[in-house]
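Welcome! Look over the sequence and the structure, then work through the exercises below with their solutions.

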Amino acid sequence: MKYVDVSGIKLNHIKIFLAVVEYGSFTIAAEKLYMTQPFISKSISHLEQELGLYLLIRGNGQFQVTPAGKRLYQEWKLMMQNFEKSLTSAHSIQSGMTDELHIGIGALTEDNNIIIQNLKKTKELLVGLEIMVEYNDMASLLDSLVKGLADLIIISKHMLPAVEKWKLEWQTVIKTNLALFVPKSNPLYRKERLDFSDLKQEKFIAFSSENDDNYIRLLYHLAEQAGFVPMISCYVPNEMSFQANLELGNGTVLADSFSNLETRDIKKFELDIRNDIIAVWKPKNMRECIQTCVSLFENQSGT
C-alpha cells in the first residue's frame, strides 16, 4: 500500500472537489463557492498531485469521475458532514449549551403539530438543549441515523424490517392507520368507504424500490391479500411527488393516514390496517434528551 503524506492536503481543496462532483460542473461549482473557474481547476489539480491519484478525467469541456474519485467522494462527503456537525457542536458547548439533538422527520402532516409541540416541551424540560430538525424521505432518514448524522428519527412503521436489520431500537409514538388517497377525477372519489380490494382495476403511484423497498413490499403484500397484483402508473422519490401526481390524476396512493396529502381534490379513505408512526434510535446513543422526547409521546398515546 502506497504511503500518502496528508500534511499538504487542504480542507478547502476537498470541499472544492466535492462541489465539482456534486454539481457535475466546474462552472457551477465556481458560482456556488464564489470562486473563479481557473482557481477551481488549479485546486483540483493540486489535490490530485498531493494524493498521487487521478480524480477526474477531463475532455471537451466535460469530465468523468474516476473510480478512485468516486470512492473518495463518497467517503469525504460523509467526513465533511461529520466535521461540520462536530464544529457546530463545539460552538454550542462554548456558548453554554449542554447538549444537541438532531432529529429527522418523515413527510408527515403539517396540520398536526404533535411532533413539533413535543420537541418544544423537550427543550423546556432540558435547559440548554438545542434541537435541529430535518425533513426528508424515510429511507434517507434511516441512512442518516445509521451513519450517525441523526440522533433520532420519526418514520412510518412500514420501515420496521430495515430498522430491525440495523438492530436499532424503536417505539410507537403515534397510533395511526394506513389510508388510500384518491383524486377527484377517479370515480372511487364519490364513494363513502373503500377497501383495498376495491382497487383491483386501479393504478397506483408508488415509491420506487430504490427510495423505499419496504413500501413496495407492503403494497404488494396488501394487494396479494386482496387477490390482485398492483398496477403501478409511476414511481416517485418522495411524498411531494405523491401530491403532484395525485393532482394530475395519475393514480391512487397508499400512505399513512397521518400524511399531508388530503386536499379539496384529493380524498382520504382510512383503512382498518394499523401502520403506526415510530421513533427510532441507535441503542448506544440513548441519552436523557432522547428518552425525554420519546416519553412525551408515550404519555400522550399510552403506548
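**Exercise 1: placing E262**

E262 sits in the loop between β10 (253-256) and β11 (266-274). Helices (H or I, at least four residues) and strands (E, at least two) are DSSP runs, numbered from the N terminus. This is a predicted model, in which local features need pLDDT of at least 70, side-chain atom pairs count only at pLDDT 80 or more, and totals for chains, interfaces and linings use all residues. Residues are numbered from 1 along each chain as its sequence is written, and side-chain values use heavy atoms, leaving out hydrogens and water.

Task: Find out why E262 counts as partly exposed, and which residues E262 is in contact with, leaving aside neighbours within four places in sequence.

Solution:
- Step 1. Recall the cut-offs: buried means under 20% relative accessible area, exposed over 50%, and partly exposed in between (1.4 Å probe, protein chains only).
- Step 2. E262 has 45% relative accessibility, so E262 is partly exposed.
- Step 3. Contact means heavy atoms within 4.5 Å. Beyond four places in sequence, E262 is in contact with F181 and K268.

**Exercise 2: placing S25**

Task: Is S25 buried or exposed, and what does the side chain of S25 reach?

Solution:
- Step 1. Locate S25 in the loop between α1 (11-23) and α2 (26-33).
- Step 2. The relative accessible area of S25 is 17%, so S25 is buried.
- Step 3. At 3.1 Å, the S25 side chain reaches the backbone nitrogen of I28.
- Step 4. Leaving aside neighbours within four places in sequence, S25 is in contact with V20 and F63.

**Exercise 3: exploring the cores**

Task: Which residues touch the most other members of the largest nonpolar core?

Solution:
- Step 1. A nonpolar core is a set of buried Ala, Val, Leu, Ile, Met, Phe, Trp, Tyr and Cys residues joined through side-chain atoms within 4.5 Å.
- Step 2. The largest one has 33 residues, and L180, F181, F196, Y215, F242, V253 and L254 touch the most other members.
- Step 3. The largest share of this core, six residues, comes from α8.
- Step 4. Take Y215: not counting residues up to four places away in sequence, Y215 touches H158, I205, A206, F207, F242 and L254.
- Step 5. Another core, of 22 residues, lies apart from the largest one, and its members include A19, A29, I44 and F63.

**Exercise 4: the whole chain**

Task: How many helices and strands are in the chain?

Solution:
- Step 1. The chain has ten helices and twelve strands.
- Step 2. Of its 303 residues, 45% are buried.

How values were computed
A polar contact is a pair of N or O atoms within 3.5 Å; within protein, one must be able to donate a hydrogen and the other to accept it, and residues adjacent in sequence count only if both atoms are side-chain atoms.
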